[in-house]
Amino acid sequence: MVRCPELDLRSRDLTCVSKKGVLSRRGRHLHNWSKRHVVIASNFIFYYKSPNDKPAGAVWLDGARATTVPAVDGRRHCFEVVTRAKRVFTFQGQNRVRVYR
């Protein structure tokens, strides 16, 4: 099992932010979709329920691969991030432009 390095998710000091915005995220077990505020910084994707909350989670991008997928649950503009530990995170952008940037 690959472990994520220690990380203080409550920290507001996210240096090196490369992208931020709103995406929908597919749940791991129930496969429900939820809007999440997302920040890509320091080799992580952090996702929040609202911009003022602490992060609901993080995806470690070291060794991960991202691929676009045609449609998931009838939703277009989706992409998946598969981590080195083989965990799959599915996100949906608002439109094609936002996914491919």
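## A first look at the chain

Of the 101 residues in the protein chain, 32% count as buried, where buried means under 20% relative accessible area, exposed means over 50%, and partly exposed lies in between (1.4 Å probe, protein chains only). This is a predicted model, in which local features need pLDDT of at least 70 and side-chain atom pairs count only at pLDDT 80 or more, while totals for chains, interfaces and linings use all residues. Residues are numbered from 1 along each chain as its sequence is written, and side-chain values use heavy atoms, with hydrogens and water left out.

The protein chain holds one helix and seven strands. Helices (H or I, at least four residues) and strands (E, at least two) are DSSP runs, numbered from the N terminus. Read from the N terminus on, the elements follow the pattern β-β-β-β-β-β-β-α. The accessible surface of the protein chain is about 7000 Å², and 48% of that belongs to carbon and sulfur atoms; such areas come from the Shrake-Rupley method with a 1.4 Å probe, and for residues only the protein chains shown count as cover.

## How confident is the prediction?

The predictor's confidence in each residue is given as pLDDT, from 0 to 100. Its mean over the protein chain is 82, with 78% of the residues reaching 70 or more. Where in the chain is confidence lowest, and where highest? The lowest mean, 57, belongs to helix H1 (residues 96-100), and the highest, 94, to E7. Where pLDDT is low, the predicted coordinates should not be read in detail.

## The seven-stranded sheet

Now to the strands. They form an open sheet of seven, in the order E4-E3-E2-E1-E7-E6-E5, with antiparallel pairing. Strand E4 (57-60) and strand E5 (65-69) stand at the edges with a single partner strand each, so one side of each has no neighbour in the sheet. On average, neighbouring strands of this sheet are turned by 35° against each other, direction ignored; the axes behind such angles are lines fitted to C-alpha atoms, for helices over the stretch in contact, and angles run from 0 to 180 degrees between N-to-C directions.

Two strands are said to pair if DSSP finds at least two bridges between them. Strand E1 (residues 17-26) and strand E7 (residues 88-92) run antiparallel and are joined by two bridges, with Ser24 standing opposite Gln92 in E7. E1 also pairs with E2 in the antiparallel sense, over nine bridges, and here Arg25 has Ser34 in E2 as its bridge partner. E2 and strand E3 (residues 44-48) pair in the antiparallel sense over five bridges, where the bridge partner of His37 is Tyr48 in E3.

## Turns and loops

The hairpin of E1 and E2 has six residues between the strands, and His31 takes a positive phi near 60° there. This histidine is in the loop between E1 and strand E2 (33-41), and its relative accessibility of 37% makes it partly exposed. The hairpin of E2 and E3 has two residues between the strands, and Ser42 in the turn has a positive phi of about 50°.

Another positive phi, near 65°, is found at His77, in the loop between E5 and E6. His77 is partly exposed, at a relative accessible area of 22%.

## Links across the chain

A search of the whole structure finds two salt bridges, each being a side-chain nitrogen of Lys or Arg within 4 Å of a carboxyl oxygen of Asp or Glu. One joins Asp73 to Arg26, with the closest N and O atoms 3.1 Å apart. Asp73 lies in the loop between E5 and strand E6 (78-82) and Arg26 in strand E1, so this pair ties together parts 47 residues apart in sequence.

Asp62 and Arg84 also meet in a salt bridge, at 3.0 Å from N to O. Asp62 is partly exposed at 32% relative accessibility, and Arg84 is partly exposed at 40%.

## A buried threonine

Leaving aside residues up to four places away in sequence, Thr83 touches Val59, Trp60, Ala64 and Phe89, where contact means heavy atoms within 4.5 Å. Thr83 and Trp60 are 23 residues apart in sequence, and their C-alpha atoms are 7.0 Å apart in space.
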